[in-house]
Amino acid sequence: MSTTIGQKTARIALVGKPNVGKSTLFNALTGSNQKIGNYPGVTVEIAKGSYCVQGRVVECIDVPGLYSLRAMSEDESVALRVLQGGDEPVDLYVIVMDAGSMERCLFLYSQVAELGKPIIVALTMTDVAPNLDLEALAARLGVPVVPVVAHKNEGLKELQDTIERTLESPVVPDIELGFPERVRLAIQRLVEFKQAPNIHTLRLWLLREEEPPRHISDDFRAALTELREDLLGANLSGKVLDSQTRYAWAASVRKQVEPATTSPMQSRTDRIDRILTHRVWGLLIFAALMYLVFQSIYTLATPLMDGIETAMGALSDGVSPLLAGSPLVHDLVIDGVIGGVGGVLVFLPQIMILFFFIAVLEGTGYLARAAFLMDRLLGWCGLNGRAFIPLLSSYACAIPGVMAARVMPDPKARLATILVAPLMSCSARLPVYVLLIGVFIEPKYGTAVAGLTLFIMHLLGLAVAVPVAWILNRGVLKGPRLPFLLEFPRYQWPRWRDVLATMGNKAKTFVTTAGTVILAMTILIWAALYFPQSSSSDAQAAFSRLSTQQQEVTSLETFEAQYQLEQSFLGRFGRAVAPAFEPAGFDWRLTTSLVAAFPAREVVVGAMSVIFGMGEGEDSKELRTALATATRPDGTPLMNLGNALSMMVFFALCCQCLTTVATIQAETKSAKWAWFAFGYMTVLAYLFAIVTYQLFRGVA
Amino acid sequence: MPLSFQDLPVGRDARINELGNASDRLHELGLTPGTIIRLVRVAPFGDPVEIEVRGARLCLRRSEASGIRVSLVE
Ligand SMILES: Nc1nc2c(ncn2[C@@H]2O[C@H](COP(=O)(O)OP(=O)(O)OP(=O)(O)O)[C@@H](O)[C@H]2O)c(=O)[nH]1
Ligand SMILES: [Mg+2]
């Protein structure tokens, strides 16, 4: 503990089993906004925050959950590093225990208690779990126990007071776990040595789970070797003995502090599971649920979307006369800023509805059941049910999805999951689907087909991911089938405040991106289309040349606008690369929009708004109308079902997100894998787009 | 009567006799010798399974617990 000019500081870490409520407590203590969800493995990275009471600044660390002090996956290694001292020493460990899951929490406690550090216990879920005898529990644990219900702000004050008291006079627990007498005596003897580490480490050495390092002194090593031989001879060795003893202790504590009734929470969860994980109903409900999600994203958002569109139109009409004096600024603001950014903002309702559903699924505990249902379908290709949660997270955004793969114990399964995660259709793809479905599918085939198409687009990535993972596992990663273990959470109502917070956060991120990255990109695109300005006489010459050859021509004004686009920097570039995308049905305008979206796919709608908006000349229409009426040079409609679908497929499969590539590199510690993911996805997207166009181009 | 975890019928309590080659994570989650477990249900395609152990529900694949030997308790 250090003291700066009259102000005391301290560092505490919240540790415990997965899904006990550490992050909920962390958020309540520090006012942070860490992600919360009702399944194990939500937090995979350390988070820091702080609070200040009684003149002391307490820095808190939120730690990923762990089951024991043996890390089997990356998130557990992160947690273990904090417990082993890490880079920054921790003054006090707050062990967070779930009152409804005592034995596994006590098991972990018994291990952490042997690290020789000050500890207090925060007991969560006291609002839903049976009432425990808290005094008896504190007596058995040898440390203070404070019940909290963090999301209702209950018990926080008491917890902070206890933290303060314990920081002033630290309590290191000394508990009797009931190891066999011989083991106990052996530990007792080893502790005498000056260089003896904490009891936990001694036990690992003694029970032959770990070898001591080379640098220990000779007499210590001699004593250790003798005791190990002795224990081995008495058949008292190994990891199982360790777990067995600790669980016997945990069971005795639980029996003493917990009333002997069956928990009503568990029976409620059981009744729900009888239906939701049923062989037939379970699968049907799962499929129906997923369909419902996408159908409602489509239908619920439409009125809101129209509202935003109308507002943008009014804004544009209002601003337009003010800028009439300067044509350059007028075009930049109307076509570039309002057209581009506004074109993207229209999709805010869909994004928020998607995140509403994701937050609800995460909050109830259904996600773990979905993993249970899906394991066999994903398992054969080398992914496993554990991969389902990172993959589902990727439907929101691939970046947390790639990071969530840390929970997978097997490095190969983790890598395979990371490499296919960006194939899942993230929320940034949603605008493209909604736009194209709205223009080319809904008017002809109705909302049911529109919703279905949206659902299929979201399935496509998953359907492609399975064979890709199979090939990766067969050819590239080569490994045996992987273990899959998952603790089922109890069902809970989602906490609506958390759900709203998630939606609000995502909306903020989306609007911020629109106001920064997308704004910058659309202005760039606008400029590259605006310059160099072709002279009006050139355009008129070309126009008259064309009108003499062809009967059917557009107005001179529209022609001039088109001519300008084609002669611009970006137009020339687009027409140079367009032939490569011709087999997928894209002309230079669509190709340019696609290419502009490679750094971040959100850009595409903005880019299309600018490109198609400018092409209309003075009376620029909103993007949907512009797309529906755009024509090729020969006068035929530019877009039809064929290239609308191929465009969606391209977006579904392509890795148009530099941040994802960077995250893959950070998580795999390899640039090779990052570019591999980028490369294979781009190739797949290109090929699938061509096939789609060739299949559907004839459909009228 | 001792039997393998693979053959455990749904809904019956059984006591763990030995762990075989099961992953360390299993005993750390409470599947230690002597513990009573119960197969609660089986996933739609036959695997994985849900078991109850020490008041919690775990989902695991049959193959990963194949080394575990149990005996049914009446
Ligand atoms: N009823 C009740 N629910 C709680 C309480 N504390 C947390 N929860 C819920 O428990 C679930 C898990 O909470 P988290 O805070 O994400 O748990 P965690 O320990 O951080 O989980 P990991 O990061 O996965 O290790 C969420 O659904 C919370 O809303 C509590 O005191 N009472
Ligand atoms: Mg957490």
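## Salt bridges in a predicted model

Over all chains, the structure holds 45 salt bridges. A salt bridge here is a side-chain nitrogen of Lys or Arg within 4 Å of a carboxyl oxygen of Asp or Glu. The model is predicted, so local features need pLDDT of at least 70 and side-chain atom pairs count only at pLDDT 80 or more, whereas totals for chains, interfaces and linings use all residues; side-chain values use heavy atoms, with hydrogens and water left out. Residues are numbered from 1 along each chain as its sequence is written, while chains are lettered from A and ligands numbered from 1 in the order in which they are written.

One of the salt bridges pairs K17(A) with E487(A), with the closest N and O atoms 2.9 Å apart. K17(A) sits in the loop between strand 2 (7-16) and helix 1 of chain A and E487(A) in strand 8 of chain A, so the pair ties together parts that are 470 residues apart in sequence. Helices (H or I, at least four residues) and strands (E, at least two) are DSSP runs, numbered from the N terminus.

## The ligand site

Which residues are closest to ligand 1? They are K22(A), S23(A), T24(A), V42(A) and T43(A), out of 25 residues that surround the ligand. A residue is near a molecule if one of its heavy atoms lies within 4 Å of it. By class, the shell has 10 nonpolar, 12 polar and 3 charged residues. Ala, Val, Leu, Ile, Met, Phe, Trp, Tyr, Cys and Pro count as nonpolar, Asp, Glu, Lys and Arg as charged, and the others, Gly among them, as polar. Helix 1 (residues 22-30) of chain A gives the most to this shell, with 3 residues.

Polar side-chain atoms reach the ligand at several points. S23(A) places one 2.8 Å from an oxygen atom of ligand 1. For T24(A), a side-chain N or O atom is 2.6 Å from a ligand oxygen atom. Q492(A) has a polar side-chain atom 3.1 Å from a nitrogen atom of ligand 1. Taken alone, ligand 1 exposes 650 Å², and the protein buries 98% of that. Accessible areas come from the Shrake-Rupley method with a 1.4 Å probe; for residues, only the protein chains shown count as cover.

## The interface of chains A and B

Chain A puts 40 residues into the contact and chain B 31 residues. Contact means heavy atoms within 4.5 Å. The two chains bury about 3,300 Å² between them, 55% of it on carbon and sulfur atoms. R104(A), F372(A) and L485(A) supply 19% of the area that chain A buries against chain B, more than any other three residues. Buried area is the accessible area (1.4 Å probe) that two parts lose on being put together, summed over both.

Across this interface there are 7 salt bridges. In one of them, the side chains of R25(B) and E76(A) meet, N to O, at 2.8 Å. Helix 9 of chain A gives the largest share of the side of chain A that touches chain B, 7 residues. That side has 17 nonpolar, 9 polar and 14 charged residues.

## Backbone features

Where are the cis peptide bonds? One joins F531(A) and P532(A), with omega about -10 degrees. P532(A) lies in the loop between helix 20 (496-530) and helix 21 (536-549) of chain A. Another joins D47(B) and P48(B), also with omega about -10 degrees. P48(B) is in the loop between strand 3 (36-42) and strand 4 (49-53) of chain B.

N19(A) is not a glycine, yet has a positive phi of about 65 degrees. N19(A) belongs to the loop between strand 2 and helix 1 of chain A.

Definitions and conventions
A polar contact is a pair of N or O atoms within 3.5 Å; within protein, one must be able to donate a hydrogen and the other to accept it, and residues adjacent in sequence count only if both atoms are side-chain atoms.
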